Structure formats: C-alpha cells, structure tokens
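This report describes the protein structure shown below.

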Amino acid sequence: KSIQLLPGVSSVSEGGQGFYVRGGGPDQNLVLLDEAVVYNASHLFGFFSVFNSDAVKSVNLIKGGMPSNFGGRMSSVLEVNMNEGNNKEFKVKGGLGLISSRLTVEGPLKKDKGSFIISARRTYIDVIMKALIPKTSPFAGSSYFFYDLNFKANYRLSPKDKVYLSAYYGKDQFTYGNKNDDFQVDMPWGNGIVAARWNHLFTNKLFMNVTSTFTDYLFSFGSQQDQFKFRLTSGVRDLGGKVDFSYYPNNRHKIKWGLDYIYHTFTTTSLAASQEEVEFDTGL
C-alpha cells in the first residue's frame, strides 16, 4: 500500500493483485524476497501483502533503468530484504487484530556472531465464519484463511565471511460448499521460497556474493458435485544460482560483474476429472 502512493505507481484495483508502474502491467514487475522471485505477492485476493512487516528490514523500488543483473522485466524491480534478527538478546513481539494475528521471535545463535528470526501470521476468518454459519446451514464448511511463515538466520564464519539462510512459505485456502446441492469448491494457492547466500570480502575494495535460490508457486482449483470431480492446476518452479563481484576503485565509482543462472519449470494448466470409475487427465 505504501508503494502504491509513490509517484508513477498505481494500484490495479481494490481487491486486485499487483501494481502498475508507469503504464506497465503487474506481470512486468520483478518482486524479490532476499533475491528469490515472488510470483504472487498478495493474500486475500489483493487486500493483504505476503510481506509481514515484522519480518521486513528494507524495501527498494527501482522504477526505471534497472541494472542488468535483475534480468529482463520492463516496469520495475521491487527488492524486499528480511530482518536478520537480534544478535545480542532474545525478543518476542506480536499483535492481535480483528482479522489476523502475528508473532515474531528473534535472538542470537551465538552472541555477536549469528542471529535468527521467525515470524508467523495467520487470519482466523474461517473461525469467525464457522461461528456465524450454523451447522444446519447448507453453506456450513465454507471458509477462507491464509497464513505465512518467515525465517532467516545468519552467521559470521570469519571477519571476511558471512552466510545467510532465508525461507518463506505462505498459503491461501478458500473453500465453498452447498450441502443441499452436494456441491463443493476448494481453491488453494501459495508460495514457497528458500535462499542461501555467502558473502566474502577479498579486500576493502573487492566483495563477492554467492546466492542459491528456490521458488515454488502453485495454484489449484477443484470442484465436486455428486460423483463428478474436477481439478485445475498450474504453477512455476525456479532453481537459480548466481555469483556477483563488486569492486570499488574509489568513492565515486563501482564496478559490478557476475554470472546468473535460473532453471524454470512451468506447470502449464492441467485438467483432471473423474465420474465414478471413469477418469480423465490431460497429462500436461
């Protein structure tokens, strides 16, 4: 929501996913969480962000002239970096809301050398709906909820070496049912992300960063009525690795170079259906 208030940025719509940057489409924005790609950056059909504010350290939006190391997106690059945790003492904080609650735990792995942070968030719309919809109602069992979990750990191996491990998992679950018609729909979708980094300082002027990332996004839509079942699935899975070097000859100049590799596995829209003993599968 804060990004949508910046010049050149506008929202898709209230309840829509993504944002427009200077006329580009939402799919032309590259969203990164600790250098791993996030394919769906919203919960509740666009009303909530997947980024838990308690776990976010910094956000950087590049609206034009993107460096070549970000690939070929046309509109913008949104870099989100997670908190690294407190390396001196343990802390616990959280918040209660009408729709969702959150809890964050952080502390040292070894004082002044390493730390971790775990942050979780969940809505309880499903609990509220269960209380409001009586069991005798034909719509009993209909619900929606989402949850997400952030984790990050870092450790200083030596004065010149530091390693990081980041992970994120979030899922939305929508379910609708009508007992009178023996009809049910379930629609889950979510992201899973893991990123590992190694920073090495050769000299005061030469710095190296090695990163390995894994991203998995899956969307599914299923429906059932009487003996007929139907399911539609799609998704994308990325496995990437990169190494980049930064050289600072003086205070006014910076030279950066490196290699970047990413392997995409697309789960194209596949369809499966069954009617009693008869099964149909596109096999895609």
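## The largest cavity

The lining of the largest cavity consists of 3 nonpolar, 6 polar and 1 charged residues (Ala, Val, Leu, Ile, Met, Phe, Trp, Tyr, Cys and Pro count as nonpolar, Asp, Glu, Lys and Arg as charged, and the others, Gly among them, as polar). Its residues are Asn40, Ser42, His43, Val50, Tyr168, Gly170, Asp172, Trp189, Gly190 and Asn191. Two or more of them come from each of the elements β5 (42–43), β13 (161–178) and β14 (183–201).

The volume of this cavity is about 30 Å³. A cavity is a set of points, on a 1 Å grid over the protein atoms alone, where a 1.4 Å probe fits but cannot get out, and lining residues have an atom within 4 Å of a point.

## Strand pairing

β14 pairs with strand β15 (residues 206–225) in the antiparallel sense over 17 bridges; pairing requires at least two bridges found by DSSP. A hairpin of 4 residues joins β14 to β15, and Ala195 lies opposite Thr213 in β15.

β15 also pairs with strand β16 (residues 228–250), antiparallel over 20 bridges. Phe214 has Leu239 in β16 as its bridge partner. Between β15 and β16 the hairpin has 2 residues, and Asp226 in the turn has a positive phi of about 55 degrees. Strands are DSSP runs (E, at least two residues), numbered from the N terminus.

## Model and confidence

This is a predicted model, in which local features need pLDDT of at least 70, side-chain atom pairs count only at pLDDT 80 or more, and totals for chains, interfaces and linings use all residues. Residues are numbered from 1 along each chain as its sequence is written, and side-chain values use heavy atoms, with hydrogens and water left out.

The mean pLDDT (the predictor's confidence in each residue, from 0 to 100) of the protein chain is 87, and 96% of its residues reach 70 or more.

Technical notes. On a 1 Å grid over the protein atoms alone, a cavity is a set of points where a 1.4 Å probe fits but cannot get out, and a pocket is an open set with protein on both sides within 12 Å along at least five of seven lines; lining residues have an atom within 4 Å of a point. Grid points are joined across faces, edges and corners, and a volume is the space filled by probe spheres set on the points.
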